[in-house]
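Please look over the sequence and the model first, and then read the points grouped by topic.

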Amino acid sequence: MLTQHAARRLICTPSRTDLVRALSVQYRASSLGFASPFCATRRNGLSRARPSLPLRQKWHHIEQVRGAKRKATIDLDDIPQGAIDAGADSLPVQDEEPEYPPLLQQVLNNMLKFPHCVMVTRVGGFYELYFDHADDFAPLLNLKKSKRKTSKGSKRPAVSMAGFPAYQLERYLKILVQDLNKHVAICDEFVNDAPTKAKGGPDYTRRVSRIVTPGTLIDEHFMDPWQNNYLLSIYIDPEAISKDNAVKKSPSSKNVASVLNMPRTEVGLAWIDLSSGDFLTQSTDIASLPSAVARIKPREIVLDSIFQEAQYSRIVSILEEDGHIITFQQPSAQALTVKDWVPMLEDVVDDFDPESFRPSEVAAGGSLLYYVKHQLLGSRTRLQSPVRHQAEDHMSIDKNTLRALEIRSTIRDATFEGSLLHSLKKTVTRSGTRLLTQRLSAPSMSLSTINDRLDLVEEMIEYPQLREDIMTLLGQTYDSLRLVTRFTVGRGDADDLVELSKTILTTSEIVGVLREHSTSRKAIPQDPEKGAADDRRRDCLLVLQKRFELVHPLELAERILDAIDEEGLSEQHRIEDEEASEMVDLSQDVLGREAGEEDLKPLPKRIQPKPHMISPSFKSATDGRDDVWIMKRHASKTLKRLHDSLDSMAEMKSDMEAQLRKKLGTSSLTLKWTPNLAHIGHVKGKDVSRVTEHYPKSLSSSKSTRSFQVPEWTQLGVQMDQTRFRIRNEEQRVLGDLREAVVHNLVKLRRNAAVLDELDVACAFALLAMEKGFVRPILNASTSHNVIGGRHPVVEAGLGEQGRRFAPNDCTLGDQERIWLITGPNMAGKSTYLRQNALISILAQTGSFVPAEYVEIGLVDKVFSRVGSADNLYQDQSTFMIEMLETAQILKEATPRSFVIMDEVGRGTTPEDGIAVGYACLHHLYHVNQCRTLFATHFHALTDMTRDFEKLGCYCNDVAEENDGTFSYVHKLRKGVNRQSHALKVARVAGLPEAAVAVAAEVLEKLKPSADRMNYVERHEPVPGTQSEATMSG
Ligand SMILES: Nc1ncnc2c1ncn2[C@@H]1O[C@H](COP(=O)(O)OP(=O)(O)O)[C@@H](O)[C@H]1O
Ligand SMILES: [Mg+2]
């Protein structure tokens, strides 16, 4: 204990070492078990990269020396990057051998400084990987690797390198970050100023401008637009966990159960989506942690390095088993407080109350923002004010249920198609879809919130024209949440501005449509029979409409459209596309035959220059091409003035040309600019001889042409070029102003976007209800379920495609019968029935209409399911162990307000044990949890054993046999018990050899008189699905 504390204190001493260490975020190599900065995580199986040992060892060595010498607190930004002045605090050079050439030395320094990252370095038009990064990643990126000698006669081995054209950065980032889960440091080149160069410094400094990790994507094109890209941080008080550990020193303490069984240790969560600015926190406990994390579905989890210590190992492996990508970071020397968050937030809004956050949330949030700051390396972020996710406000759907009910992806192959979300997704915008996903993962517990949502849906159903209009308009909006984020990090370009302004104008049209609707709605006299509920609904759109804040955004939109010349912009894109194809040709030359088809195809429509890359690479005002401007000339006073003077200079030029022609008698004379000769006069044909007298000195000539210098034209041309240059600069300045203006409107723009999302979801649910015949559920505070004619939305759709009909079923749980015990043949629809009722509850509380004829349900606080078997042999957990873990969770957590579905509990062991466990579950659920439960089983004995459970009803479905031996399933439930499992029928349909079926039938027949019969049948019954006999007994 003591040593642990001592160790921790050591780490926390605010010394330079810590700061340096803080940078060395370690990457956890889950399955391979070695901690390398360059190894892939388990999920992608591509982890062939080996640790780059020499670099790391040296780095540690440096760390120690430096830690011993210095104590000053140094900010990240102060640590040198790229080229390092001789006198400064530089990292030692490698060996005794002469230094690497400046470029390689810079790369090496950067690699030392960011040892956890793949370093891609900008060199001219290319990004390059060097040293072992080239060795490791060139094959994974399908790049050609070459060797470069460091200098003539050097004894050093040649350095490996591999590169790709700069415009393909996103494509390779996608592979590195998205597919291989790497951290990538992007190192750009910055021209050094004259004094630096004069002192003998290199021409360029190469500095890491950003680190891209799976959880810190901002506006990369490869991001999934339909999903949030969350980065999550988890905090657990170290003291609490060591206390728990002391309590829990049992032989099984290595098991998952030991963690989940811990007393209610508080856990703080904080998560953000940098692309939309969403920032949320939650306080929960260890037992609920896996489910909370499953709900959030982060792309990356960041944990303080203390989690690498033994007592946290179970928590870490639980997270890893669920496929999460984890990054460990050295915590900041001083814990951050809520006050420290504020600089990263957009204008702090009135309802932001720092006091409302629990200490664990503050700690998680602090470590999250600390991490982000370091990955973004100083670029500004403006997050939305943090929102507390309060567990009691939401229905909790535990991890297994989220999976088992296939809410976001299917169990079998984890695809989106076939999931509930897929069948519900009628939203037309990307951010609307993200809201839909969020709501579906955390349905509401508030009757008024749910009814507000349902009102909107109903209104949209009742007024289809309104819905269509709004959906059409929504389809014309752009993803403004992600759009505005670009501006907060200083990236938004002219196109983004145009898209944003169009979205604002469309929003205003939507408000117009809503306003018109409310007016005409008011004109319809109220129907006294419909009562208060109808009154409420009349106003629902008005309430929504009032939430839009359009005054300032509209001003902004006008300002943008006034300033930006859209025609010029599209002309510019045409030119850029042209240049891009030139680049492709060029890179084709460079890549030579190594390049596959792939390399040549994916050319971005627009090459987006990053702000720091915008170089004044203008050709010349006088190169004969028309000028292309992206701003209208009256966008600023200066622009106007500059354009005016450019115009008059252009006039002067043509006057000059005319006069010269006259004076020299040369009709072919032109004044122009060429890249080699700059400003020249040019003549051809017989005019050539006529100019020799006045301009004897020729710059270049051929038989039929002659170029010569015209001093007054050179002077004017230079002036025109300068003006042109100023216009470009002024355009950039105006663009900068507009960007600022967007950031000023950030809060309003984000709020408007949020209202649009709500409208999108409402319209989508309305459309869904119309298409699929859903009804409005009635929700109340009771603990009963009354579903008439319920259906499974996904199975029904699947059957529909085959022209089959889904048989609806009722479900009335509550005061009369709290548990339904369901028996029946294999394949008769038990599992489907269980799931459909859980789904109906979830949909209802999400605020959607539901697949049934009539639904009245009491709010459900938690949905639990124990269905199917998820083998986790890798983790040394048998089917039965998993089953029991999940069951334990349910029996411990379910409240009288919960809804539980249990499908064939106890099937993973012997029938006797299975029956015993099944009975115990029913007993506990009935007497202790007292929750609504649907329980399907093949253990018919259970129906007899629970006869004295007054509030337990037995239901079943059947097989209908025809005289000719054919049979069909009766999917409709009836009251009673069905002791026939008809397993052999299923076996025959499945294609079990006729002979085997005959033997089975014989055995069954012989067993009939035996008292043991039921038992035997149970023991030998194949389990539905793919489960084999072998796993059954395992
Ligand atoms: N209510 C229903 N109406 C029509 N077909 C159904 C119904 N319920 C289930 N099915 C069909 O029966 C198949 C098996 O259902 P399942 O719920 O797995 O049965 P069980 O759990 O009883 O073995 C489903 O895939 C579906 O095609
Ligand atoms: Mg089943």
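The shell of residues around ligand 1 divides into 7 nonpolar, 5 polar and 2 charged residues. The model is predicted. The points below turn to the surroundings of the ligand, then to salt bridges, and finally to an annotated span.

**Surroundings of ligand 1**

- Ligand 1 is surrounded by 14 residues, and the closest are Ala807, Met827, Lys830, Ser831 and Thr832.
- Helix 30, which spans residues 830-846, supplies the largest share of this shell, with 3 residues.
- The side chain of serine 831 places an N or O atom 2.7 Å from an oxygen atom of ligand 1.
- At alanine 807, a backbone N or O atom lies 2.8 Å from a nitrogen atom of ligand 1.
- A polar backbone atom of alanine 828 is 3.2 Å from an oxygen atom of ligand 1.
- Taken on its own, ligand 1 has 560 Å² of accessible area, of which the protein covers 83%.

**Salt bridges**

- Side chains of opposite charge can pair when their charged atoms come close.
- The count of salt bridges in the model comes to 43.
- One network of salt bridges links Asp452, Asp455, Glu458, Glu459, Glu462, Arg521, Arg536, Arg537 and Arg776.
- Glutamate 893 and lysine 862 meet through their side chains in a salt bridge, with an N to O distance of 3.8 Å. This pair links distant parts of the chain, 31 residues apart: glutamate 893 belongs to helix 31 (residues 879-893) and lysine 862 to strand 24 (residues 862-866).
- Glutamate 893 has a relative accessible area of 12%, so this residue counts as buried.
- Arginine 314 forms a salt bridge with glutamate 321, and their closest N and O atoms are 3.9 Å apart. Arginine 314 is buried because its relative accessibility is 14%, whereas glutamate 321, at 22%, counts as partly exposed.
- A further salt bridge joins the side chains of arginine 947 and aspartate 944, at 2.8 Å from N to O. In this pair, arginine 947 is exposed, with a relative accessible area of 64%, while aspartate 944 is partly exposed at 29% relative accessibility.

**Annotated span**

- An unreviewed UniProt entry places the feature "domain: DNA mismatch repair proteins mutS family" at residues 898-914.
- In the model, the end C-alpha atoms of residues 898-914 are 24 Å apart. The span is 24% helix and 29% strand.

How values were computed. Residues are numbered from 1 along each chain as its sequence is written. Chains are lettered from A and ligands numbered from 1 in the order in which they are written. This is a predicted model: local features need pLDDT of at least 70, side-chain atom pairs count only at pLDDT 80 or more; totals for chains, interfaces and linings use all residues. Side-chain values use heavy atoms; hydrogens and water are left out. UniProt positions are given in the numbering used here, feature names are shortened, and annotations may be inferred rather than shown by experiment. Helices (H or I, at least four residues) and strands (E, at least two) are DSSP runs, numbered from the N terminus. A residue is near a molecule or strand if one of its heavy atoms lies within 4 Å of it. A polar contact is a pair of N or O atoms within 3.5 Å; within protein, one must be able to donate a hydrogen and the other to accept it, and residues adjacent in sequence count only if both atoms are side-chain atoms. Accessible areas come from the Shrake-Rupley method with a 1.4 Å probe; for residues, only the protein chains shown count as cover. Ala, Val, Leu, Ile, Met, Phe, Trp, Tyr, Cys and Pro count as nonpolar, Asp, Glu, Lys and Arg as charged, and the others, Gly among them, as polar. A salt bridge is a side-chain nitrogen of Lys or Arg within 4 Å of a carboxyl oxygen of Asp or Glu. Buried means under 20% relative accessible area, exposed over 50%, partly exposed in between (1.4 Å probe, protein chains only).
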